[in-house]
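Thanks for coming. Please have a look at it first.

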Amino acid sequence: MGSSKTLDDQSSTNTNRAQAAWINAMHKFDVLDRTTDALSAPGQVPTRLINIFTGQIEETHNDTTKRYVIASYLWNPDRFSDTAEHYTGLEHDIPQAPTFDDWFRLTCLMHPNIIQAVDAEEKELHRVHCPSEVPVGVSREYLREIFLLIAREALLMGLEHVWIDGICINQADPDDVAREIPRMNDYYRNAACCVAVSEALRRRYATAKGPPQDDTEPESRSEQAWRRVITWMKGYHAKRLWVFQETYLAAKVVVRASNIRIDANEMTSESVSPASRNLLSISSDEFPISLPISDWQRPMSPELCLQYCRKRECAFLHDNIYGVLGLFPPKIRHSLPVDYQLSPGIILAIFAYLRVRAGDLSALLTLQHEFYERDDPGLSISWLPSGFGWQPNDIFGVTPQAELLPHVDPEGMLHMSMYCLEVEEVVESLSFSSIAVEHDDLNIEIHLTPHHAELFPKRPPQTGIYVIGGILEPSNSGRYPGVFGPPTLRQQIANKEREERRTFLTRKAKKRPGKVVLATFGEQSWSFEGVPNWWFWLLLATDDDGKTWRKFGVALSHEIDTSSIARKRFSIR
């Protein structure tokens, strides 16, 4: 009995802490929402900077005249192997390649505006002093190497200050970490330059075979050199999460190791061939470059950045949010609690809430994934994820439907005016030949009542039924349920929970029309000719004749004619 009481007390404590964090975030957002002057003020300079000539850490007192170079590097790189698990390079790349110097000479010859050997600042290095502070997890020798690379760039630019997170943020003080992480957007945006330390260059990666001596091969020497430079840049950066926002936010990015300097801003110049520019557009999200180009040749959206970073590694699950926090507006950055003692699911729920409050309705697509435990903060808000997870893949820009008039009241209820369709049945047997929008995350079929099903083109025509594919929370990959072998205990629990929800929704829908609906809130347009827009729907059910609704999942369809569809004001709790 004593052990059970201890567990109950611990659970109660965690719930109380989560609720307190939630309420505090709401209050902070309300204050920032009313204080427009604070949000329009110039960005902050770092709290502390390192003087490269004294090695001392100096308090800046937000002196905006101080210019500085900022670092982007891998913590404790010895943890990362030379395998494809950690390194993204060419097929036959090897570390400490005997051909490295030959490839370096070719890249300098072919692209002198992009990559150079830089030794001009060597004569000034005797004036530079490395700071004595060494954070846990970073060796003194590696820190000195990082500092000297950043200091060399500062010398080139005539600057005397640099910023390195491991030194300028007190990693042993949770309060200092909590203050500094929301400010990293300002720190990287305001930096004179961001130096990304290339682990691939540090390890001298190249192919065992040397570079071509002429242009008789199918790929020219210039294009092969271009590919080599890209590989040196993205090598290990493509696998790590924090470095994405660091180089994305900076106005100028330089990649360095030893005496090698790559000017990433020159990568977008018109001097390269069309084939090289195509390679750049495909892989720019993987390596250090300001404002990466998306796969769809359009500006990067928060949704797309989250998707790219979902594939990257980090030390803590929380960092899937904190590591991209700088990409979001100030009201979100400065309202979200930075607290590693709170569970990742709680942080995600508060993050989604703040995004919706700020007008980013794509956060409504975020669902708990079956890999992670249910983790509800105890406020009974169904439109937020109830544990850690993601939104579906391939979402790069959600445009809200017109006249939604979204509003979140003080109790956390979301009110929106949406077009809706009545659901007749929710079934598990997903047939990808029957739905218009195919997606790997779909795990249910949603059958509409006949008068609403007629609004959609029949697919396939012989069935006479239009099926909308949906994702019932907890989400999973409906297309490949058995690809990883027998289900884990957590997956078995998720399967049971989805089945209970599906049965509940079907029973409710059959009992009375209109108690289960799909309500559309946003769309995504495609740039490919002949591909119709995607529409995003919330799967909702009511227990009180439509006064309030609960969210159970989301759905995807093609766009439809709304002239004969009812629009209702929904209150989602």
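Where is the place of His369? His369 sits in the loop between strand S11 (367-368) and strand S12 (389-390). Helices here are DSSP runs of H or I with at least four residues, strands are runs of E with at least two, and both are numbered from the N terminus.

Before I go on, this is a predicted model, in which local features need pLDDT of at least 70 and side-chain atom pairs count only at pLDDT 80 or more, while totals for chains, interfaces and linings use all residues. Residues are numbered from 1 along each chain as its sequence is written, and side-chain values use heavy atoms, with hydrogens and water left out.

Is His369 buried or exposed? His369 is buried, because its relative accessible area is 8% and buried means under 20%, with exposed over 50% and partly exposed in between (1.4 Å probe, protein chains only). Leaving aside neighbours within four places in sequence, His369 is in contact (heavy atoms within 4.5 Å) with Phe388, Gly389, Trp390, Pro474, Ser475 and Asn476.

Now the whole chain. The protein has 573 residues, and 54% of them are buried. It contains 17 helices and 21 strands. Of the contacts between residues at least 6 apart in sequence, 73% join residues at least 24 apart.

Next, a sheet. Eight strands form an open sheet with mixed pairing, in the order S2-S1-S6-S3-S7-S9-S10-S5; two strands pair if DSSP finds at least two bridges between them. Strand S2 (57-59) and strand S5 (115-117) are at the edges with a single partner strand each, so one side of each has no neighbour in the sheet. Within this sheet, strand S1 (residues 48-51) and strand S6 (residues 161-163) pair in the antiparallel sense over two bridges. Ile50 has Val162 in S6 as its bridge partner.

Last, the largest pocket. Its lining consists of 32 residues, and Gln171, Trp242, Phe316, Asp319 and Tyr340 lie nearest its centre. A pocket, on a 1 Å grid over the protein atoms alone, is an open set of points where a 1.4 Å probe fits, with protein on both sides within 12 Å along at least five of seven lines; lining residues have an atom within 4 Å of a point. Helix H6 (174-180) and helix H10 (242-249) each supply at least two lining residues. The largest share, four residues, comes from H6.

That is all I have.
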